[in-house]
Amino acid sequence: MKKGILFDLDGTLWDSSRQVAESWVLALKDLPEVKTVVTVESVQAVMGKSMEEIADIVFDGFNKARRMEFLEHCFDVENRYIREHGGTLFEGLKEALAQLKKNYHLYIVSNCQTGYIEAFLEYHKMRDFFEDFECYGATGRPKGENIRLVIQRNHLEQAIYVGDTQGDYQAASFAGIPFVHARTGYGRIDGEAPYIESLSQLPALAKKLMQ
């Protein structure tokens, strides 16, 4: 039986909020009409949301076309910045992934823009751990649909999704697979779900969930 573990990225595998905030401060210097003040806290508050939701929050007051134009510029700068500076991997990540890869196929599904997952994989040399990934920027689809897409194209017979927010919980429910709450992340969930408080706990939990 082919078994897979699908991961959210921000708040689940790493924390890039400081680097993202720094990149947006740089990007907004090119957009003098935008008066938004970007902080680490404001970045964490929107991580995990869709691109349109982020644009609506950060660039409120502008029409949709302008909001998306501003967002694309910020994302371009962000991707370049992340490729150069990376983020902060959560403790024990590579060790946990190495252990999980012995028994499961590993994937990433995120609401991020195209190029962001690639920056994570390249800077931190993580490509050997993950067989496939998908994001909102590439498909324009909600996370639940992207989870299903990855499951289908990789012919997974059993899978779980690991994430840190209510949106992740709902996406896993939509896709019809168990959810594991990463309590090390940015969000809380309104519902019952198995959880981990460190990535080192995931191999044992995955074994219980996918017998």
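Colleague: Which handedness does the β-α-β unit of S4, helix H6 (residues 116-123) and S5 have?
Modeller: Helices (H or I, at least four residues) and strands (E, at least two) are DSSP runs, numbered from the N terminus. A crossover is right-handed if, with the strands pointing away from the viewer, the path from the first strand over the helix to the second runs clockwise. By that test, the unit made by S4, H6 and S5 is right-handed.

Colleague: What kind of model is this?
Modeller: Residues are numbered from 1 along each chain as its sequence is written, and side-chain values use heavy atoms, leaving out hydrogens and water. Local features need pLDDT of at least 70, side-chain atom pairs count only at pLDDT 80 or more, and totals for chains, interfaces and linings use all residues; the model is predicted.

Colleague: Which residue in S5 is the bridge partner of Ile-108?
Modeller: Strand S4 (residues 105-110) and strand S5 (residues 132-135) run parallel, joined by four bridges. Two strands count as paired if DSSP finds at least two bridges between them. In S5, the partner of Ile-108 is Phe-133.

Colleague: Which strands stand at the edges of the sheet?
Modeller: Six strands form an open, parallel sheet in the order S5-S4-S1-S6-S7-S8. Two of them have a single partner strand each, so one side of each is left without a neighbour in the sheet. They are S5 and S8 (195-196).

Colleague: How many residues of S1 are buried?
Modeller: Buried means under 20% relative accessible area, exposed over 50%, partly exposed in between (1.4 Å probe, protein chains only). Lys-3, Ile-5 and Phe-7 cover one side of S1, and Gly-4 and Leu-6 the other. S1 is largely enclosed by the rest of the structure, because the buried count is five of five.

Colleague: In S6, which residue is the bridge partner of Leu-6?
Modeller: S1 (residues 3-7) pairs with S4 over four parallel bridges, and there Leu-6 has Tyr-107 as its partner. S1 also pairs with S6 in the parallel sense, over five bridges. Ile-5 stands opposite Ile-160 in S6. For Leu-6, the partner in S6 is Tyr-161.

Colleague: Which helix does the chain cross through from S6 to S7?
Modeller: S6 (residues 158-163) has six of its six residues buried. S6 runs parallel to S7 (residues 179-182), with three bridges between them. The β-α-β crossover from S6 to S7 is right-handed and goes through residues 166-175, helix H9.

Colleague: Which element gives the largest share of the lining of the largest pocket?
Modeller: On a 1 Å grid over the protein atoms alone, a pocket is an open set of points where a 1.4 Å probe fits, with protein on both sides within 12 Å along at least five of seven lines; lining residues have an atom within 4 Å of a point. Of its 23 lining residues, Gly-48, Lys-49, Asn-111, Gly-167 and Asp-168 lie nearest the centre. The largest share, six residues, comes from H9.

Colleague: What is the volume of the largest pocket?
Modeller: Grid points are joined across faces, edges and corners, and the volume is the space filled by probe spheres set on the points. For the largest pocket, that gives about 440 Å³.
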